[in-house]
Amino acid sequence: MKELDTGKTYLITGGAGFIGYFLSKRLLEQGARVIGFDNLTDYYDVRLKEERLKYLMQHEKYTFVKGNLAEENDVRAVFEEYRPEIVVNLGAQAGVRYSIDHPESYIESNVIGFFRILEACRHYPVHHLVYASSSSVYGGNDKVPFETTDQVDRPVSLYAATKKSNELMAYSYCKLYGIKATGLRFFTVYGPLGRPDMAYFKFAKKIMEGEPIQIYNNGDMMRDFTYIDDIVTGVVNILCNPPAEDDLGAAYKIYNIGNHKPVKLMDFIETLERCLGREAVKEYLPMQPGDVYQTYADVSDLMRDYGFQPDTSIEDGLREFVAWFKEYYHYD
């Protein structure tokens with residue numbers, strides 16, 4: 001396995017996002033040149049994205065480009081000017097429930113936007129394209145843990161369907177144009193400076209404000225919560241190690257990237273309560289459209305190929321999140 005090549009230029013779309021920020025930060029700390037690309041949508045508080053960028057832009061090897069993935073000229077321009085050798089496509093419209101009421105934004109960002117990235121990688125050849133898929137592609141699969149060889153033909157949300165489409169689109173471009181691509185199915189990433197639309201972040205804010213938290217499926221759910229530092233280590237190890245060609249001549253691979261230790265939702269909430277020093281007011285609700293009962297990643301191939309070994313406990317991860325959260329929002 002090759003170590004990170006700091007002589008290469010890394011383009012990270014969704015560069016002001018949660019994973020994009022921490023990945024950029026790690027690459028910059030190791031001496032790499034990073035181009036961040038993001039359109040700074042207001043899906044959640046833009047001030048948090050600006051906070052991330054404020055840190056990144058202190059680095060002389062960091063360049064930020066504001067642009068829209070779905071706009072051909074924006075994407076082509078950044079490839080033309082900076083000629084990235086490694087591309088990490090994290091830019092997307094996130095969120096399962098949001099896709100129920102705002103389907104157009106998912107087609108624009110996740111399908112058309114990803115098509116623009118593939119076309120750019122075709123016309124401005126890169127060494128490796130790494131892109132974000134999602135554990136949501138497994139839908140309501142009952143078999144656990146989820147393996148990348150499982151059937152993923154029955155998505156239960158449009159978000160999941162767009163992520164599965166990304167995998168199919170990437171494979172076709174690998175086969176047709178010789179692009180080398182690795183797709184990563186992320187499992188419930190959490191940590192400091194995270195996404196305010198995610199449950200743990202919403203829970204923390206409501207607990208501190210004394211408001212009830214909404215617990216779906218009456219709390220009977222499990223999630224493979226994965227701490228951001230573990231995710232970033234896994235991604236960094238992959239960047240300079242593109243996959244070999246398969247039997248059809250496509251240099252393409254899909255991996256799960258998760259903690260492979262699902263946690264009961266109520267246990268997670270109890271840990272968050274301890275870290276916050278507050279008890280939640282709980283409101284129990286039925287399962288919501290698009291939700292799934294559990295996520296559970298089989299990461300044995302990622303361990304085998306890249307030495308992936310997530311080791312951050314829920315207690316340690318939430319403690320780090322809460323320390324940042326209280327300071328950022330000025331809670332005592």
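Select Ile-35 and Thr-63: Ile-35 stands opposite Thr-63 in strand E3. This is a predicted model, in which local features need pLDDT of at least 70, side-chain atom pairs count only at pLDDT 80 or more, and totals for chains, interfaces and linings use all residues. Residues are numbered from 1 along each chain as its sequence is written, and side-chain values use heavy atoms, with hydrogens and water left out.

Two strands pair if DSSP finds at least two bridges between them. Strands (E, at least two residues) and helices (H or I, at least four) are DSSP runs, numbered from the N terminus. Between the two strands the chain passes through helix H2 (residues 46-56), and this β-α-β crossover from E2 to E3 is right-handed. Right-handed here means that, with the strands pointing away from the viewer, the path from the first strand over the helix to the second runs clockwise.

Next, select strand E1 (residues 9-13), which pairs with E2 in the parallel sense over 5 bridges. Thr-9 stands opposite Arg-33 in E2.

Of its 6 residues, 5 are buried, so the strand is largely enclosed by the rest of the structure. Buried means under 20% relative accessible area, exposed over 50%, and partly exposed in between (1.4 Å probe, protein chains only).

Move to Asn-256, in strand E11. At 0% relative accessibility, Asn-256 counts as buried. Its side chain reaches the backbone oxygen of Phe-146 at 2.8 Å. A polar atom of the Asn-256 side chain also lies 3.1 Å from the backbone oxygen of Asp-298.

The last stop is the second largest pocket, with a volume of about 290 Å³. A pocket is an open set of points on a 1 Å grid over the protein atoms alone, where a 1.4 Å probe fits, with protein on both sides within 12 Å along at least five of seven lines; lining residues have an atom within 4 Å of a point. The volume is the space filled by probe spheres set on the points. Helix H6 (158-177) and strand E11 (252-257) are the elements that give two or more residues to the lining of this pocket. The largest share, 4 residues, comes from H6. Select the lining residues, including Lys-164, Arg-185, Asp-246 and Tyr-252. By class, the lining has 4 nonpolar, 2 polar and 6 charged residues.

Notes: Nonpolar A, V, L, I, M, F, W, Y, C, P; charged D, E, K, R; others polar. Polar contact = N/O pair within 3.5 Å; in protein donor to acceptor, adjacent residues only side chain to side chain.
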